[in-house]
Amino acid sequence: MLIRKPTDLNYSDVTPKSIYTNRRKFLRAMGIVGVSAAAGAAWWELASPTHEARATSKLGIASKSPFSTTEKQTPYNDVTHYNNFYEFGTDKTDPAKNAQNFGVSPWTVSVEGEVKKPRKFSMDDILKIAPLEERIYRHRCVERWSIVVPWIGFPFSELAKLVEPTPKAQYVAFETFFNPSQMPQAKYSGLDYPYVEGLRLDEAMNPLCLVGVGMYGETLPNQDGAPVRMVVPWKYGYKSIKSIVKIRFVTKEPPTTWNRSAPDEYGFYSNVNPNVEHPRWSQAKERRLGEIFMRNTLMFNGYGDQVASLYNGMDLKKYH
């Protein structure tokens, strides 16, 4: 029997969790594993129209990050079934239902623009850029809800080192995959696609800025941005762009989807700031998914010690 070590495995080699968990359920249902009562329960679970397999795979983690919060993590089911991913529908429950058949393998991320070494990365390449860390980050949505997620990834600066930005590079522009045949719900969202986002270069190079490839010890679910996304914890959630296919280092501030769609509501910077009110609601309070009571919103989502210096001298109400 050939046993392959984790270092021998490619991204495409890992057996999806949905396959081996469903196989075990099938065996239990046939009476091969467990007693008859368990078999009956397994049959019911497989037949249930609300059952959704977790089509993810385990990821090896090199270390736990000192940047992690010690706050209670939001349950996996809450994080994966209450999403904004408008390409798969505008209701919070739509992405979990509509992204199940989203094809994420093979996958390529093109890195170009003001760099000395432009290149295209496969997912196998991305997973080899740097040791993977687990970082438990707070996240704040502009819609006044928040979560705490154990992300898996590596600092964006590690990717930047490989392509070597030129002195002209001042910003980083990101682009999400878009295919209307896989994302027919997108036409009802009112947004222009593909979804685009951007950061100032010094923001992207901050140690907190993460290239995310997993969460909760596994690869990313489709509805949470598989197979690769950004995680920018001091900004509102829509800045952490999902399912990335292109990264460009550019000289000027790039367009961003929500700023382009509603510039009076969504600024380029989009830092979490309880003192800047959204035109339709206050940002001073938030509700953590799974909790009843509201809590105070923290400036920079509580990451001020790490990022406040990036904005010295800026009017954070004007540059919201």
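## Basis of the description

A residue is called buried when its relative accessible area is under 20%, exposed when it is over 50%, and partly exposed in between, with a 1.4 Å probe and protein chains only. By that definition Tyr76, at 14% relative accessibility, counts as buried.

The model is a predicted one, in which local features need pLDDT of at least 70 and side-chain atom pairs count only at pLDDT 80 or more, whereas totals for chains, interfaces and linings use all residues. Residues are numbered from 1 along each chain as its sequence is written, and side-chain values use heavy atoms, with hydrogens and water left out.

## Open sheet and the helix on it

Helices (H or I, at least four residues) and strands (E, at least two) are DSSP runs, numbered from the N terminus. Five strands, in the order β3-β2-β11-β6-β7, make up an open sheet with mixed pairing, where two strands pair if DSSP finds at least two bridges between them. The edges are taken by β3 (119–122) and β7 (196–200), each of which has a single partner strand, so one side of each is left without a neighbour in the sheet. From one strand to the next, the twist averages 20°, with axes fitted as lines to C-alpha atoms, for helices over the stretch in contact, and angles running from 0 to 180 degrees between N-to-C directions.

## Nonpolar core

A nonpolar core is a set of buried Ala, Val, Leu, Ile, Met, Phe, Trp, Tyr and Cys residues joined through side-chain atoms within 4.5 Å. The largest such core has 79 residues, and those touching the most other members include Trp107, Phe156, Phe174 and Trp234. Strand β5 (residues 145–155) gives the most to this core, with six residues.

When residues up to four places away in sequence are not counted, the contacts of Trp107 include Phe102, Phe121, Met123, Phe177, Pro227 and Val245. Trp107 also belongs to an aromatic cluster with Phe85, Phe88, Phe102 and Phe177.

## Aromatic pairs and charges over rings

The structure holds 18 aromatic pairs, for which rings of Phe, Tyr and Trp (its six-membered ring) must have centres within 6.5 Å, planes under 30 degrees apart counting as stacked, over 60 as edge-to-face and the rest as tilted. The rings of Tyr76 and Tyr216 are edge-to-face, because their centres are 5.2 Å apart and their planes stand at 80°. This pair links distant parts of the chain, 140 residues apart, with Tyr76 in helix α3 (residues 76–80) and Tyr216 in the loop between β8 (210–215) and β9 (218–219). Tyr216 is buried, with a relative accessible area of 17%. The rings of Phe178 and Tyr193, by contrast, have centres 5.0 Å apart and planes at 15°, so that pair is stacked; Phe178 is partly exposed at 29%, while Tyr193 is buried at 18%.

The charged end of Lys239 sits over the ring of Phe268, 4.5 Å from its centre, a charge being so placed if NZ of Lys or CZ of Arg is within 6 Å of the ring centre and within 35 degrees of the ring normal. Lys242 lies over the face of Phe85, at 5.4 Å from the ring centre.

Key. Contact means heavy atoms within 4.5 Å.
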